Amino acid sequence: MPNCLDYARFLSRAAARRQPSAIREATQLFARSPPSTISFASGSPNASLFPFKEATITLKDDTTIQLDSSAMAKALQYLPTPGQADLLEWLRKLQIRYHSPIDFKRYELCVTNGSMEGLSKVFELLLNTTEPILVDSPCYSGSLDFLRGFGANIISVNTDSNGMNAEYLNNILSNWSDSNTLPRVLYTIPNGSNPTGASMSHERKKDIYNIAQKYNLLIIEDDPYYFLQFKKPDPSFLSMDTDGRVIRLDSMSKVLSAGMRLGFLTAPIPLWQKLVYHQQVTSMHASSLSQMVALKLLEKWGLSGFHQHTEQISKFYENQKVLMVNAIKKHLNGI
């Protein structure tokens, strides 16, 4: 299924101007070269001079993951901007398992320093100052803080227990006064929306996606709470994306470690490429050490072990919810 969107229409002026960094492109080429290759293209330090040799990390079940000298050398060196190749391949399998994208060949992945870094770059990819963006109301304060500072025109869309209200969204767009300034971007947290906690039903997502098709919107699907849901989440926007109009952001902060700062985004290749160009000249790439630790853990677990881990997390928070509700009923009754 070929890409059918004109992605140039969605790019901000800054994103349209971005070109690849020659040094970072050389780093990516070097990563695919034989180990004997000596590169003069970039300032990579000699790994033999790093003071760290190897590491053993003990897990809570008292088993271990090992970063031997070879893995440690990779973990302490520059990486290609999208991320460690083996980790990207693992995350691709993760997306296929949980979202089964209709045509995954049209997408690429990029590891980010937490999903918030990826989200800020997506906003800058798609928006010029003063341009409109459609968001949930209420909306995650961190996103609002960025958008306000950026100077975006924030268009609030009412929500209910099923998330963004499709009828209200359609009314906003159908009554927009100037077709030349019609929003191009919709941002939503579909599962456990912060701060309401609402999750979109499958029917609501289909309604929102149909509106996105009607008015040619891109959907930013920010889903850090996907694995924390007490029941299996309804299919994602990514899973129903027939047009290549969804950019999805995921996070490992809630399921592995907040301090590792590991997020990842999935985007149609033309948009992904411009995001990578931005990453090349800012953070360069997400933490090599965090990526290697995560990779060793995920390889040890496999997809089934990761699923079991997230099931335990979901059950824990569900139990915490029951305790909190019971305490409220007992101690705050009548207040």
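Student: Over the ring of which residue does the charged end of Arg92 sit?
Tutor: This is a predicted model, in which local features need pLDDT of at least 70, side-chain atom pairs count only at pLDDT 80 or more, and totals for chains, interfaces and linings use all residues. Residues are numbered from 1 along each chain as its sequence is written, and side-chain values use heavy atoms, without hydrogens and water. A charge sits over a ring if NZ of Lys or CZ of Arg is within 6 Å of the ring centre and within 35 degrees of the ring normal. At 4.6 Å from the ring centre, the charged end of Arg92 sits over Phe104.

Student: How many aromatic pairs does the structure hold, and why is the pair of Tyr98 and Tyr226 edge-to-face?
Tutor: Rings of Phe, Tyr and Trp (its six-membered ring) pair if their centres lie within 6.5 Å; planes under 30 degrees apart are stacked, over 60 edge-to-face and the rest tilted. The structure holds 10 aromatic pairs. The centres of Tyr98 and Tyr226 are 6.1 Å apart, and the pair is edge-to-face because the planes stand at 85°.

Student: Is Tyr226 buried or exposed?
Tutor: Buried means under 20% relative accessible area, exposed over 50%, and partly exposed in between (1.4 Å probe, protein chains only). With a relative accessible area of 6%, Tyr226 is buried.

Student: The charged end of which residue sits over the ring of Tyr226?
Tutor: Tyr226 belongs to one aromatic cluster with Trp90, Tyr98, Phe227 and Phe306. At 5.3 Å from the centre of the Tyr226 ring, the charged end over that ring is that of Arg248.
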